[in-house]
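User: I'm new to this one, could you walk me through part of the fold?
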Amino acid sequence: MKKSDKNKAVGRDENGNGPKKGVVMQIDIKFPFFSAFSYQRFPSVGKSTLLCNLAGVFSEVAAYEFTTLTTVPGVIRYKGAKIQLLDLPGIIEGAKDGKGRGKQVIAVARTCSLILMVLDVMKPLQHKKLLEYELEGFGIRLNKQPPNIGFKRKEKGGINLTMLVPQTELDLELVKSILAEYRIHNADITLRYDATSEDLIDVIEGNRVYIPCIYVLNKIDQISIEELDIIYRIPHTVPISAHHKWNFDDLLEKTWEYLNLIRIYTKPKGQLPDYSQPIVLNAERKSIEDLCMKIHKSLQKDFKCALVWGASAKHNPQRVGRDHVLIDEDVVQSLNPDF
């Protein structure tokens with residue numbers, strides 16, 4: 001970016017001395033919500049229409065591309081939980097290199113728990129590959145797990161490679177050449193599966209994020225039933241019509257599944273459980289201790305025991321400690337007076 005372009009971006013004159021008169025300065029805000037997911041797509045695929053109909057939030061809709069120029073937040077309520085949506089501006093080819101404010105847009109996507117990639121069903125699915133290429137170029141891995149590769153630097157001893165399974169691509173010489181590119185000459189590498197060179201590079205870089213993604217194919221009202229049957233066979237895909245509000249239930253259910261959340265209801269002593277406002281936890285962190293930390297960290301210090309009703313209890317109620325693992329829709333009553 002040229003110096004004059006940078007000055008324009010921050011509202012300064014050509015000498016960089018201060019804001020020019022009449023220039024609107026705009027700041028994008030990142031929202032640190034517990035569960036948030038964003039829309040990634042090419043321009044003009046009906047994403048803003050989807051946000052308006054799904055979350056009831058106004059996002060400018062028009063028949064031309066690049067209607068959405070800033071991040072538009074919205075909230076949907078599903079299964080008693082509040083989930084934030086971020087309507088991001090469309091990205092184009094070369095976004096990972098900064099074209100069309102691509103770096104700013106993708107940087108917001110890195111902080112989200114789920115990405116909805118909205119595609120026009122009438123346009124080639126090549127858009128999907130291009131979007132994935134742009135996101136991967138910025139360190140985002142979609143629908144993948146972190147590589148099961150052990151990597152440990154050491155002061156001396158050279159490169160020690162351990163292969164627990166046969167490798168089709170990596171060998172000692174290739175591993176050494178990859179590590180040499182990063183000026184690493186002493187390290188222990190453990191390959192626990194048939195890995196690729198890209199997997200090893202991701203582990204060395206250490207800045208990759210692994211985010212689940214749902215491919216939302218919009219405008220299915222313009223295709224035939226036979227074509228719709230073929231689309232349903234594509235993994236991680238939900239076909240919808242944002243304009244007609246078709247198949248929103250399937251989209252919300254898959255969104256809940258990919259976010260991997262559970263609901264826990266609290267029960268004050270001598271009262272009925274509060275089913276209107278569940279506490280939402282990540283399914284990977286769902287112990288009683290995690291529940292206390294979610295409410296307030298002071299509860300975790302003074303916690304003694306709790307009563308649990310639901311699928312995780314051997315009998316109803318069951319007295320449990322802080323290590324007890326909860327299941328979706330369990331009811332918890334703490335025996336602490338401050339709970």
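Analyst: One definition to begin with: a crossing is left-handed if the near helix is turned anticlockwise from the far one by less than a right angle, and right-handed if clockwise. The model is predicted, so local features need pLDDT of at least 70 and side-chain atom pairs pLDDT 80 or more, while totals for chains, interfaces and linings use all residues. Residues are numbered from 1 along each chain as its sequence is written, and side-chain values use heavy atoms, leaving out hydrogens and water.

User: In which sense does α5 pass α6, left-handed or right-handed?
Analyst: The crossing of α5 with α6 is right-handed; helices here are DSSP runs of H or I with at least four residues, strands are runs of E with at least two, and both are numbered from the N terminus.

User: Which residues meet there?
Analyst: From α5, Val175, Ile178 and Leu179 meet Ser197, Leu200, Ile201 and Ile204 of α6, where contact means heavy atoms within 4.5 Å.

User: Now the sheet, what order do the strands take?
Analyst: The order is β6-β8-β7, an open sheet of 3 strands with mixed pairing, and two strands pair if DSSP finds at least two bridges between them. At the edges are β6 (149-153) and β7 (159-163), each pairing on one side only.

User: How many bridges join β7 and β8?
Analyst: There are 5 bridges, in the parallel sense, between β7 and β8 (residues 187-191), and methionine 163 stands opposite leucine 191 in β8.

User: And which strands does α6 lie across?
Analyst: Helix α6 (residues 197-205) lies across β6 and β8.

Methods
Axes fitted to C-alpha atoms, helices over the stretch in contact; angles between N-to-C directions.
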